[in-house]
Amino acid sequence: MQEQHYRPCGDIEHLLGRRQFMGDLLAGAGLLAGSSLLASPVGAAEVAKRGKSVVVVYLNGGISQFESWDPKSSLETGGPFKALPTTVPGIHISELLPHTAKQMHRMALVRSLNTKQDDHGLANNLVRSGRMTQSATEYPELGAVVAKGLERADFPLPGHIATMPAGVGGRGNNAAYLGPRYASVTVGAEKGGVANAKLPDGMTVTADQRRHDWRRFANSRFRDKVDSVEIDAYTQTYEQALRLIERRELFDITREPTKVQDAYGKSELGKQFLLARRLVEQEVPFVEIQPGGWDFHHNNFEFHLHYVSDFDKPFALFLEELAQRGHLDRTLVVVMTEFGRTPRINTGYGRDHYSRAWSIALAGCGIKHGAVIGKTDAKGIDVTDRQVDHRHLFHTYLQAIGINSSSEFDIAGRKFPIADPAVGPIKELLA
Amino acid sequence: MDRAPRNPWFGRAWSRVVPCVLLLGSLLLPTQSGDAAEPKNESRESLATQIDRIVAKSYRGPEIPLATDFEFLRRVYLDLLGRGPTVKETDAFLVRLRAKPSDSQLIRSQLIDELLDREEFSRYFAKVLDVLFTERREVIGMLEFRNWLRQWLEERKPLNELCTEILAADGSDEKHRPAAAFFLNRNADPNQMTRDVGRIFLGRDLQCAQCHDHPNVDDYEQAEYFGIFSFVNRTYLFTDAKQGNKPYLGEKAEGNPEFSSVFKRQAAKTVAQPALPMALALDSEPDFLDANEAYIVKPEKEQRAIPRYSRRQQLAVLATHPENELFNRNLANRLWAIMMGTGVVHPVDMHHSDNPPVSAELLRLLAEELVRCRYDVRAFLREVARSRTYQQSVRTPDLRNWSGPVGGVQSLDHEMAKLAAEMKGIETQRQQAELALSSATKKLASKQSDVAKQQSHVYAAKKELQELSGQRNTEVVKLAEIRTRQGKAQDTIVALQATLKELEKVAQLTPDEQVKSLQATVNTRLTTATQTKQAVDKELPAQEKAVQQATKRVEEQRSRVLALASRKLAWTEFVVEARGGVRRAQSQLLQLQDRQSDVEQQKLQLTTLSDWLTSRERLRSIPTTADAAVVKKQKTDFDLKQTGLIEKWRRGYAIQQVRGLNGEQMGGAIYHALELDQPVRAKAFAEWEAKHQGDAKMKNDAAKRESHVTTAVAVNFWDTLEKDVMRLYSAPAGAPQDGFIATVDQALMIQNAPSVHTWLKPNPGTLTHRVAAIESPNEVARQIYLAVLARLPEAEETALVTKLLNENPKERAAILQELVWGLIASAEFRFSS
């Protein structure tokens with residue numbers, strides 16, 4: 001736990017609140033073992049009552065808005081691809097996204113971003129933290145904020161999961177002052193797993209149980225002597241780890257029917273979407289998919305032809321499945337990137353970094369479906385209507401899942417505004 | 001460039017600082033030097049005794065026992081060396097205690113001194129200071145910075161000078177380059193620098209004050225933020241392309257930031273003045289005539305700018321000045337928090353009136369004593385560790401048989417009334433102090449406006465000087481042009497004369513018409529050329545005079561600027577004096593605020609105790625026949641009051657807190673508990689013997705040999721374990737590092753990581769190897785409890801160890817590893833108690 005025992009104001013109410021919170025947290029520990037481990041999908045009505053989730057598809061490098069959400073017919077800047085009508089009359093997106101076009105009635109677009117930062121690393125920090133600062137460590141990222149905001153005492157899985165194509169990873173450094181409890185845990189889609197979730201070589205289940213019994217014995221003796229919520233929080237992490245190990249199969253996409261696996265496809269991105277769907281079904285508060293390589297200074301059109309198509313089909317299927325299984329109403333999906341690409345097509349048929357006028361797409365929970373916020377001019381050079389930036393979006397994401405973004409976190413007596421207090425959400429985008 | 005503050009007025013060492021009076025005014029603060037009547041002899045109470053007296057004063061509970069010798073031993077090893085004691089060290093301590101049980105307190109004190117004297121202390125405390133300053137950000141290698149800090153600690157140099165060095169260094173002096181890590185690791189971003197100078201050196205988090213006055217904290221104002229900002233905004237990150245983009249700090253000689261609140265759309269911009277809270281400001285800055293004078297090295301694309309007058313180095317001096325009360329309080333509070341778990345002000349970077357110290361008297365004492373011991377970190381920590389307060393038990397006291405404070409609720413009420421009266425008295429004084437401060441501030445503002453007027457004259461004169469210099473340059477150019485023309489005309493004359501001579505020779509040989517006509521033409525040209533030259537010759541004196549006059553005007557204007565500047569400086573003396581008044585008034589006010597806050601804290605203590613007593617009376621007076629729900633309700637109320645009371649006692653340091661180990665301690669504790677250092681020691685020892693085979697003197701030099709062995713162990717510790725464990729158990733880079741962190745991935749690693757199981761494997765010299773050779777289960781239990789938890793096992797614990805070993809004779813090796821693992825994974829190991 002990041003919180004300390006004491007609040008400087010010395011108010012008994014705070015103490016009480018904290019005790020009760022810790023009590024809830026620890027009570028959850030009793031709900032052990034895999035009773036609902038691979039339970040069958042529940043009815044949509046039941047789902048509606050449950051916790052919210054956020055999925056961010058972060059197209060690392062900067063997808064072109066022209067070849068995705070804001071196609072232009074201008075010969076000079078628009079590129080070779082046509083615009084395609086969607087299920088929402090009047091909204092057109094790039095013809096590279098035929099499957100996504102059929103999901104537009106579940107989506108919304110923001111076409112008027114101006115974020116004034118063209119450096120990958122710094123822009124990445126801005127859009128993820130929703131602040132003007134360029135330091136990566138100063139503010140928690142959306143994932144950490146959501147994991148904290150949607151935290152449930154009895155939840156057995158990590159609240160902030162980042163998927164990667166293969167292998168297993170560690171803990172991300174993205175929770176800043178919220179503390180590592182809310183930092184991302186990286187999970188591989190390929191060989192399904194969390195780091196250190198397998199018993200060490202040669203250790204039997206009996207031996208494992210024996211050592212944990214011995215550990216619990218040692219803890220109980222210590223706990224008799226001293227009273228501290230931190231001690232309880234610590235001993236609890238071992239039990240959480242055991243529950244996570246028991247649920248390892250959740251991260252294994254080969255448990256899905258072959259038909260489903262085939263539908264998502266063999267691409268890395270497809271596998272990550274499938275893993276994300278499994279995690280959303282478990283109500284993990286925040287899941288991020290992070291396909292890299294979207295940075296086409298050369299041959300922009302050829303690359304987008306392949307990359308966008310690889311994205312289009314599994315993304316549309318992901319939305320479709322979430323909707324059918326009743327999870328899209330409780331899940332906000334955001335297709336994010338750090339900036340757009342230049343209207344000017346360079347000599348290598350590429351597009352360079354451009355943060356002056358670009359777009360993102362959203363779907364699912366809490367947003368007005370079929371909405372398009374803002375406009376750019378005919379050549380896509382400037383925003384002509386309703387200019388916004390990452391700070392407004394950050395408020396909007398949080399409001400969409402019911403987190404009051406204008407309130408504050410109180411971390412060990414330090415107060416932190418959840419989102420930049422200088423701005424607010426994009427109200428007309430919220431449902 | 002030299003790493004010392006390049007300041008015309010300051011030398012590096014404080015002893016040499018004389019003219020700082022110019023900055024600070026004539027204001028030896030009474031609060032800093034303590035009571036004037038203070039006795040100078042040695043009978044003065046030690047800091048430890050004073051701490052205990054202050055803590056005891058506000059505590060009214062049952063007597064709290066000292067920590068047991070085992071508890072104390074592990075606590076003090078963890079706090080001073082970053083690891084638990086080894087079995088040998090514990091045994092040695094026990095032997096000393098048994099020899100003289102009545103001297104237990106003395107033996108504890110001796111142990112504290114011994115630990116502080118070890119090289120290991122410098123090694124560990126360098127890590128603690130590294131985390132304090134960088135908060136785990138890395139640009140300059142962490143190990144380099146830690147080594148530099150270790151060196152500083154080993155040389156026993158004062159901590160405030162360390163802080164001066166860190167703020168002043170620019171990375172160019174190789175020997176002290178790591179000191180620049182503080183700013184370089186923050187990429188010299190001016191906002192980041194401002195925020196962390198405020199947080200880490202002054203204990204004030206001004207982040208929100210960047211864009212407007214702080215919404216939650218009345219004391220933090222935007223002007224304060226920009227006061228610090230204007231010390232550092234001229235500093236920038238310079239990467240040297242010639243050295244593979246190695247980072248340094250450059251600094252410009254100009255740039256005065258302006259600010260206005262984001263909440264006030266039309267607000268006028270204010271120009272910031274370099275200033276620190278509590279009225280420490282740069283009132284007197286040198287005026288340079290031009291860029292040539294302002295820079296030692298001018299800023300160029302591939303050249304690191306070095307100004308003749310550096311604001312950042314002024315900051316280094318001012319921020320760490322022994323008269324800077326906020327600096328002293330912050331540093332003392334942070335050191336205290338390192339030893340005690342929470343600061344007297346907590347969070348440690350939130351010093352402000354809405355977050356009062358749990359005891360202002362204690363905070364003031366710690367700050368003053370830190371100055372008095374000349375910022376000697378060992379002297380300070382020694383006293384804290386020697387205090388009974390530090391050595392108290394963590395156990396929750398049993399209040400069932402405690403009858404409560406003498407006199408009961410009534411006497412508490414009586415005290416409350418006394419406190420209320422006292423508060424009234426202080427309030428009156430405080431109002432007066434506020435008035436005094438406000439009038440001193442007004443006086444300062446008026447003096448400042450005088451200086452501003454003078455400054456504007458200086459600016460105007462400087463501008464005129466620039467114009468005049470321009471004019472002089474024009475005249476000089478004109479003069480040069482005349483001289484060029486003169487030279488050209490002369491050249492023409494010479495050439496024509498030469499031609500004439502040639503023509504004369506020709507004419508003597510062949511006197512014909514053609515030659516004559518040629519001679520005539522040349523003669524005409526010569527006449528014209530001579531006339532031209534004469535005309536130019538006439539122009540010259542006038543232009544020379546013009547240049548002379550222009551130069552004179554420039555010189556005169558220069559003197560005028562200098563005169564105005566020195567006049568401004570004279571006026572500045574009044575500002576400095578007025579600022580001294582503000583400082584005194586502010587200091588006075590702070591003292592009264594401290595007293596008020598202590599009265600408030602005492603009232604809170606009394607109320608909490610009184611509420612508990614009342615609730616207990618109510619619970620006791622419920623008749624046995626009462627409804628179960630009523631009893632339950634009252635019981636809940638009582639439990640709540642009791643928890644609150646005990647928390648309050650802990651917060652007031654009457655009872656010690658259970659503290660989670662930090663990342664470094666966790667690593668050190670695991671490494672030494674498993675005795676992983678033993679094989680490394682043995683190997684390093686053998687190496688030493690072999691290397692100095694022929695040199696008996698060197699071979700038997702115990703100190704040098706031990707240093708060699710310690711270094712080998714430190715390197716091995718880092719490589720095998722520390723670097724991973726440290727990060728796993730710490731907050732991320734850039735976040736506050738004082739929270740307790742428990743995460744699932746820590747547990748997963750300890751349970752299943754292959755590395756952990758490698759550490760547990762028996763290896764000659766290590767714990768699991770050593771106990772494998774011990775037959776008696778009792779002795780096995782004793783050894784593993786001593787090694788891992790630094791205490792003897794209790795009967796029940798020995799019994800379970802025996803049972804597990806006897807039940808599984810075939811799996812003995814595995815069981816031993818499980819036993820050690822279980823204790824490492826236990827909460828008792830994870831916490832210092």
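Trainee: What is the strand order of the open sheet in chain A?

Mentor: In this predicted model, the open sheet has eight strands in the order S6-S5-S7-S1-S8-S11-S4-S12 of chain A, and the pairing is mixed.

Trainee: And which are the edge strands?

Mentor: Those are strand S6 (185-188) and strand S12 (372-373) of chain A, each of which pairs on one side only.

Trainee: How many bridges join S1 to S7 in chain A, and do the two run parallel or antiparallel?

Mentor: Strand S1 (residues 53-58) of chain A and strand S7 (residues 286-289) of chain A run parallel and are joined by four bridges; Val57(A), for instance, has Ile289(A) in S7(A) as its bridge partner.

Trainee: Which strands does helix H5 of chain A touch?

Mentor: Helix H5 (residues 142-149) of chain A packs on the sheet and touches S1, strand S5 (160-164) and S7 of chain A, with its direction at about 160° to that of S7(A).

Trainee: Staying with the sheet, where is Val333(A) placed, and is Val333(A) buried or exposed?

Mentor: Val333(A) lies in strand S8 (residues 331-336) of chain A, and Val333(A) counts as buried because 27 other C-beta atoms lie within 10 Å, where the cut-off for buried is 20 or more.

Trainee: Switching to chain B, at what angle do H29 and H30 pack?

Mentor: Helix H29 (residues 795-807) of chain B packs with helix H30 (residues 812-824) of chain B at an angle of about 155°, and their axes are 9 Å apart. That angle is why H29(B) is described as roughly antiparallel to H30(B), the cut-off for that term being over 145 degrees.

Trainee: Which residues make the contact?

Mentor: H29(B) contributes Val801(B), Leu804(B) and Leu805(B), while H30(B) contributes Arg812(B), Ile815(B) and Leu819(B); by class, that is five nonpolar, no polar and one charged residues.

Trainee: Last topic, then: how many residues does the contact take from chain A and from chain B?

Mentor: Chain A gives 61 residues and chain B gives 58 residues.

Trainee: Which element gives the most on the side of chain A that touches chain B?

Mentor: H6(A) does, with 11 residues, and the elements that each supply at least two residues to that side are helix H1 (12-27), helix H6 (205-225), helix H7 (229-246) and strand S16 (414-417) of chain A. By class, the side of chain A that touches chain B has 31 nonpolar, 16 polar and 14 charged residues.

Notes. Residues numbered from 1 in each chain as written. Chains lettered and ligands numbered in written order. Predicted model: local features only at pLDDT ≥ 70, side-chain atom pairs only at ≥ 80, totals over all residues. Pairing = 2+ DSSP bridges. Contact = placed C-beta atoms within 7 Å. Axes fitted to C-alpha atoms, helices over the stretch in contact; angles between N-to-C directions. Parallel < 35°, antiparallel > 145°, perpendicular 65-115°, else oblique. Nonpolar A, V, L, I, M, F, W, Y, C, P; charged D, E, K, R; others polar. Buried ≥ 20, exposed ≤ 12 C-beta atoms within 10 Å, placed from the backbone.
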